[in-house]
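Welcome! Here is a short tour of the cavities and the ligand site in the structure below.

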Amino acid sequence: MRQYNALINNKLIDNGQWLEIINPATLTVAGKVSALSAKDINDAFKVARKAQKAWEEKTLLDRINALKKFRDLIDQNKQEISKIISEEIAKNLKESLAEVVRTIEIIDYTFEEAKRIEPSAFTGEGMGAQNKIGIFSRVAKGVVLAISPFNYPFNLALAKIIPALVMGNTVVFKPATAGSLVGTFLSKLVIESNLPKGIFNIVTGRGREIGDIITSNPEIDMISFTGSVGIGNQIRKNGSTTDLVLELGGKDPALVLDDLNLDKYCDEIINGAFGYSGQRCTAVKRVLVSNKIADKLVPLLKAKLESLSVGMPKDNAFITPVIDEKSADFIQTLIDDAKEKGAKIVTGDKRKKNLMWPTLIDNVTLDMKVAWEEPFGPVLPIIRIDSIEEMIEISNNSQFGLQASIFCQDISKAIQTAKKIKTGTVNINSKPSRGPDSFPFLGIKDSGEGVQGIRESLLSMTRYMGLVINY
Ligand code: NAP
Ligand code: G3H
């Protein structure tokens, strides 16, 4: 069984308290991680504060060079890291490895992009201020708290940690409990790569027990959080004087406007809705389509869905168990509510504990919960609507505003529709997606605050520092 420690000031923490991590595929214990006390957590922030000045005073190049060994150790350990991801979140082995490789690519690009963040220079002449030059550089914010969700436990953690460190911040990292094994596996790599003490600290424990203690620590200069709307809003309250970047939930609609390339649309919709069993913020979570097209779309979706493999992550099944039985119970309530209110189950609605067969629900109406709520599981509602105006209205009548997809061969019609959709991003003829990771990634309304993506993360982890020269 795996047993990994939290990390404070490059020391592995063993306070005698452990948290069991359950393998969602076998429902047995996958391993244990440290369960930290309030004192341990305060220590982590204190050392992060103490280490920050010296770290920031290094040149950008020195910081990147110091982090390169850490990056190389991730590369050397990528098979083991992907095994851990697969064991603790039931992501299939192939996708787990893809998550690690994607993370390495993000790290490499971050190293390069940081060098392209140049100061801005101004003269005061336009305002009548002669003999003044202003040089505005980006400098570190200080101590960054990074909190990651379970569904991309490695990628979404390092996509925050690396830009923070590169720009001269120090970090306290809190992984999701399901995701703490891979989070604390990093403890070993931080020590082996000889990173300066205190710049990268890893704190573990259940969010509901230590979350408030972590997020209200006075040493925090910035919180970068990815997770649910509920916890995001709680953090907004606790961290009211702290800079925040929040990436939260979604209810991404796919609007199907024609049937000119239906086979391709269906592939995008299936991958978008059911990849990692629907546990992606950017999953397609509702399809809006007219009756005429729906009669062709639904049978095609059904056939493709029924060909997906359902089973265990070690066998690389496409659909694997959702993160725990509580989540499966919640997903089931959405299916049952739709059934009770007259929706038609096209396929699926079968379950063994937390392994849920991919479920397609047709004739979903607006009084059903599945039309509005985020299942975070393998369920896709089809809402039949007659006009594009209505599709736009229903898309926008949502608390969420992460992404949307429009499927349409008439590019003018697609762009005109996209411009009316209120989400951070609209994808034309592809599934919603966070990548390419060099693009800005953002949610509006309840889906988030601030922007991620490689360059945007580097910028959000810094503030301007102005130097005005009078001559
Ligand atoms: P979650 O339950 O909100 O947990 C996210 C993180 O917050 C975990 O590390 C969790 O720790 C921690 N946490 C829990 N309670 C806390 C508290 N009171 N204070 C501070 N931190 C606390 O979300 P999840 O179930 O891991 O992830 C699924 C959700 O994340 C979905 O809604 C999904 O849409 C969203 N998501 C959004 C994006 C995006 O970029 N927009 C990306 C991925 C996921 P514990 O695990 O110990 O509770
Ligand atoms: O779960 C939310 C992730 O940020 C989505 O990333 O679109 O690459 O799957 P993805």
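The second largest cavity is lined by Lys 251, Asp 252, Pro 253, Arg 286, Ser 395, Ser 398, Phe 400, Gly 401, Leu 402, Gln 403 and Thr 423. On a 1 Å grid over the protein atoms alone, a cavity is a set of points where a 1.4 Å probe fits but cannot get out, and lining residues have an atom within 4 Å of a point. This is a predicted model: local features need pLDDT of at least 70, side-chain atom pairs count only at pLDDT 80 or more, and totals for chains, interfaces and linings use all residues. Residues are numbered from 1 along each chain as its sequence is written, ligands are numbered from 1 and chains lettered from A in the order in which they are written, and side-chain values use heavy atoms, leaving out hydrogens and water.

**Cavities**
- The second largest cavity has a volume of about 40 Å³, the volume being the space filled by probe spheres set on the points, which are joined across faces, edges and corners.
- The largest cavity has a volume of about 130 Å³, and its lining includes Ile 106, Arg 434 and Ser 457.

**Ligand 1**
- Of the 32 residues around ligand 1, the nearest are Thr 177, Gly 207, Ser 228, Leu 248 and Glu 374; a residue is near if one of its heavy atoms lies within 4 Å.
- Both domain 1 (2-248 + 447-470) and domain 2 (252-437) give residues to this shell, so ligand 1 lies between them; the domain bounds come from an automatic or database assignment.
- An oxygen atom of ligand 1 is 2.8 Å from a polar backbone atom of Ser 148, and one is 3.0 Å from an N or O atom in the side chain of Lys 174.

Key. Polar contact = N/O pair within 3.5 Å; in protein donor to acceptor, adjacent residues only side chain to side chain. 1 Å grid on protein atoms, 1.4 Å probe; cavity = no way out; pocket = protein on both sides within 12 Å on 5 of 7 lines; lining within 4 Å.
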